[in-house]
Amino acid sequence: MAAKTLPRGMGSFFKECEHSPSRWAKCPHPYKVRYRDASGRQAEESGFATEDEAINRLTTLYKARKAAPRQNAKAERIAKYGPMQLREYTAEWKDGQRHLAPASLSHLDSLLQHHIFPALGSRRMSSFDHKVVDGFIRTMERNGVGLAAQSNAYDKLKAILLDAHRLGLFDDNPLSGVKPPQYDPKRAVIPSPEQLQAVRVTGDDTLTLLVDLMSGCGLRNGEAAAVNLRNLVAEDVYRVTEQVNQTTKTYDRLKHRKAGEYRDVPLPARTRNTIEWYADTYGNVDGYLLRHPRDPTRPFQPYLLQNQWQRLKRRGDLDIPDGMVIYSMRHFFASNCLRHNIPITDVAEWMGHNSIEITFKIYRHLMPGSIGSAAKLLDLGLTA
């Protein structure tokens with residue numbers, strides 16, 4: 001009895017008659033198929049009128065056999081994680097978040113303990129769907145949670161549920177159709193050049209140095225506190241390599257960056273002169289210009305800058321408008337860039353934003369031009 005074998009272990013088909021394979025197409029006898037079942041045992045089926053029907057049956061059996069291990073693995077994951085409470089699942093998920101810096105982990109814990117777990121901590125993972133997620137957002141709204149906290153809490157819950165979705169716990173994405181909290185940062189209060197100059201001359205020399213770094217290079221408070229002479233990599237470039245972490249009080253990697261990563265930012269001559277003047281006046285420790293005033297072995301802490309700012313405000317030494325904070329010096333950098341037509345993509349990179357959307361939301365109103373002026377500029381190109 002002759003048989004035709006298909007590739008990749010799909011099985012074979014044949015006829016139990018006296019005709020040779022070359023005559024099977026005209027032979028009235030039915031085809032039979034032979035294959036290995038899921039347990040590895042040989043099995044046969046008969047009753048196929050044509051060769052195509054026999055091949056299609058073998059193909060279907062082969063695909064089902066190949067899919068069985070994946071389906072079994074998915075069923076095992078559902079059986080293991082489906083009954084878990086969100087609090088238990090999150091503990092395992094959190095162990096995999098090795099990329100998070102200590103400050104980010106602290107922020108995550110705060111969101112879990114104050115917003116996510118009180119509302120959803122005991123809920124079984126298998127019970128999540130878009131209605132549950134939408135109900136969570138409405139609960140935060142009823143409780144008067146600020147939009148920024150709502151947005152952050154939603155983003156963390158989203159990351160957890162998407163991880164579960166990738167494991168196959170949900171047939172449908174539980175976030176599909178959910179409208180996230182719409183957090184829109186308030187318009188930044190930006191000091192005028194006159195107000196910036198007043199801050200520079202009113203505080204002590206340390207405040208002057210930090211204000212120049214934030215307004216001239218766009219550094220964050222913690223990044224300015226870690227200023228180092230070794231980061232003057234060119235006459236007009238400062239390399240931002242680390243920050244003073246406000247949670248751990250130690251030097252740490254940059255926000256949104258892995259250890260060892262950096263970003264290069266413009267270094268205006270005025271800011272470079274301030275850095276060099278400060279180094280000449282006060283010296284440095286391993287290149288660091290700022291150290292803790294009561295313990296030179298420790299980094300300078302950003303809260304010391306905030307303390308001085310508050311003292312100046314209380315004494316009335318500064319004419320500071322409502323909403324202006326130390327961070328406003330960094331806003332000045334963005335404003336200065338955009339008002340001089342520097343592309344917002346460059347500004348986002350220099351400021352260390354992990355998404356240009358953040359830069360756009362905060363500083364869109366500072367960008368020069370309008371639809372009308374754009375139309376005129378485009379027309380110049382079309383008619384040249």
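Phe13 sits opposite Val33 of strand E3, and that pairing is a handy way into this predicted model. Three bridges tie E2 to E3, and the two run antiparallel. Strands here are DSSP runs of E with at least two residues, helices are runs of H or I with at least four, and both are numbered from the N terminus. Two strands count as paired if DSSP finds at least two bridges between them.

A quick word on the ground rules: residues are numbered from 1 along each chain as its sequence is written. As this is a predicted model, local features need pLDDT of at least 70 and side-chain atom pairs count only at pLDDT 80 or more, while totals for chains, interfaces and linings use all residues; side-chain values use heavy atoms, with hydrogens and water left out.

**The four-stranded sheet**

- Picture an open sheet of four strands in the order E1-E2-E3-E4, paired antiparallel.
- Strand E1 (3–6) and strand E4 (42–48) are the edge strands; each has a single partner strand, so one side of each has no neighbour in the sheet.
- From one strand to the next, the twist averages 20 degrees; axes are lines fitted to C-alpha atoms (for helices, over the stretch in contact), and angles run from 0 to 180 degrees between N-to-C directions.
- E1 and E2 run antiparallel and are joined by four bridges.
- In E2, Lys4 has Phe13 as its bridge partner, and Leu6 has Gly11.
- Four residues lie between the strands in the hairpin of E1 and E2, where Arg8 takes a positive phi near 60 degrees.
- Strand E3 (residues 31–36) is linked to E4 by six bridges, and these two run antiparallel.
- Val33 also stands opposite Glu45 in E4.

**Both faces of E2**

- Which residues cover the two faces of strand E2 (residues 11–14)? Gly11 and Phe13 lie on one side, Ser12 and Phe14 on the other, and all are buried.
- Buried means under 20% relative accessible area, exposed means over 50%, and partly exposed falls in between (1.4 Å probe, protein chains only).
- In a regular strand, side chains alternate between the two faces of the sheet.

- Strand E10 (residues 291–292) pairs with strand E11 (residues 295–299) in the antiparallel sense over two bridges.
- Two residues form the hairpin link from E10 to E11.
- His292 stands opposite Asp295 in E11.

**Two crossing helices**

- Helix H12 (residues 344–351) and helix H13 (residues 356–363) have axes that come within 9 Å and cross at roughly 110 degrees.
- That makes H12 roughly perpendicular to H13 (65 to 115 degrees; under 35 is roughly parallel, over 145 roughly antiparallel and the rest oblique).
- The contact (heavy atoms within 4.5 Å) involves Ile344, Thr345, Val347, Ala348 and Met351 of H12, plus Ile356, Thr359, Phe360 and Tyr363 of H13.
- These contact residues split into seven nonpolar, two polar and no charged; Ala, Val, Leu, Ile, Met, Phe, Trp, Tyr, Cys and Pro count as nonpolar, Asp, Glu, Lys and Arg as charged, and the others, Gly among them, as polar.

**Arg263**

- Arg263 belongs to strand E9 (residues 263–266).
- Arg263 is buried, with a relative accessible area of 4%.
- A polar atom of the Arg263 side chain lies 2.6 Å from the backbone oxygen of Trp350.

Methods
Polar contact = N/O pair within 3.5 Å; in protein donor to acceptor, adjacent residues only side chain to side chain.
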